[in-house]
Protein chains: 2
Amino acid sequence: MMEQLDQTDITILRILQKDSKKTAKEIAKTLNLTSSPVYERIRRLEKQGFIKKYVAILDKKLIDRSITTICQVSMRYHNEAFIEKFEEQIQALEEVQECYHMAGQVDFVLKINTKSLEEYHDFVKYKLSKIENIGVLNSTFVLKDIKHTSEFYI
Amino acid sequence: MMEQLDQTDITILRILQKDSKKTAKEIAKTLNLTSSPVYERIRRLEKQGFIKKYVAILDKKLIDRSITTICQVSMRYHNEAFIEKFEEQIQALEEVQECYHMAGQVDFVLKINTKSLEEYHDFVKYKLSKIENIGVLNSTFVLKDIKHTSEFYI
DNA sequence: TCTGAAACGCACTGCCC
DNA sequence: GGGCAGTGCGTTTCAGA
């Protein structure tokens, strides 16, 4: 259980990261296999947790979330209780797509998607700044998405 | 063609963003519909581009890409040719999961996944720093993923 | 582990309302 | 728009190698 991945597993993961609608039959063809072993391997990769989930990727522009903002947050005090509270509250904010606790001077980096700059303003004013213990808050806007993928290099 | 989304469309998109393996039948059930209209709407949402693709999300730790780094890059010169070249070269780097052209002093923000700090070092030394015209390069490491989703709030 | 066959359910179509 | 009924295909299971 949970042994290392062989080359066949890696190929399957690479394919499914790009297109999870590929059928076991199609994947089998590129691997010179039948669909049964491919199917079983996918099932095993799901069960072992290598594949966490399958999702649809939407077009940010079309669904009107065009504005992406990177926001750097530093806390005023750095005790456990404050940090945990902050993490909890951030997770609940729907506008926040990513949040990382960082090494270095800045404590957290957030990526936020909104409809407009005005909506971002409201987000900061009514939601983010309501969180206790935020010291410095520094927002910079994305001019252009150069690259954006959910794929990992394996 | 390309009209506004109604509430049914939005519900379908919300569900598929969380779990694209949900069948039309299952989605239909939560909407008190049959599978035919749900199926047709999904097809339309794909064709209109609202749904860009379907992908498998892998576990970063299990596939050994545990180290996430945020790297801020500023260019030495800001002419069109240099910027385009930079964008092209970044897109080709497999370790780079995200790259944004920013407003403000920092020109680009990159998110990079590697197996180890050492591998990140090699990435900077042999790949990133080979790109022409990079002025300042500032790397900070992620201590913890607080939130990380491909979902948009719609 | 893989192959091949067989069962089942869903995707997908066409017709009706 | 949505419902209903049908067909083909992929998923899923299993015996055998």
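In this model, H1(B) passes H2(B) in a right-handed crossing, meaning that the near helix is turned clockwise from the far one by less than a right angle. The model is predicted, with local features needing pLDDT of at least 70 and side-chain atom pairs counting only at pLDDT 80 or more, while totals for chains, interfaces and linings use all residues. Residues are numbered from 1 along each chain as its sequence is written, and side-chain values use heavy atoms, leaving out hydrogens and water.

**Helix packing**
- H1 (residues 7-18) and H2 (residues 24-31) of chain B pack at about 130°, with axes 11 Å apart; helices here are DSSP runs (H or I) of at least four residues, and axes are lines fitted to C-alpha atoms over the stretch in contact, with angles from 0 to 180 degrees between N-to-C directions.
- On the H1(B) side, Thr8(B), Thr11(B), Ile12(B), Ile15(B) and Leu16(B) touch Ile27(B), Thr30(B) and Leu31(B) of H2(B), where contact means heavy atoms within 4.5 Å.

**Two copies**

**Salt bridge**
- Arg44(B) and Asp9(B) pair up through their side chains at 2.7 Å, N to O (the rule: a side-chain nitrogen of Lys or Arg within 4 Å of a carboxyl oxygen of Asp or Glu).
- Arg44(B) sits in helix H3 (residues 35-47) of chain B and Asp9(B) in helix H1 of chain B, so the pair ties together parts 35 residues apart in sequence.

Conventions. Chains are lettered from A and ligands numbered from 1 in the order in which they are written. Helices (H or I, at least four residues) and strands (E, at least two) are DSSP runs, numbered from the N terminus.
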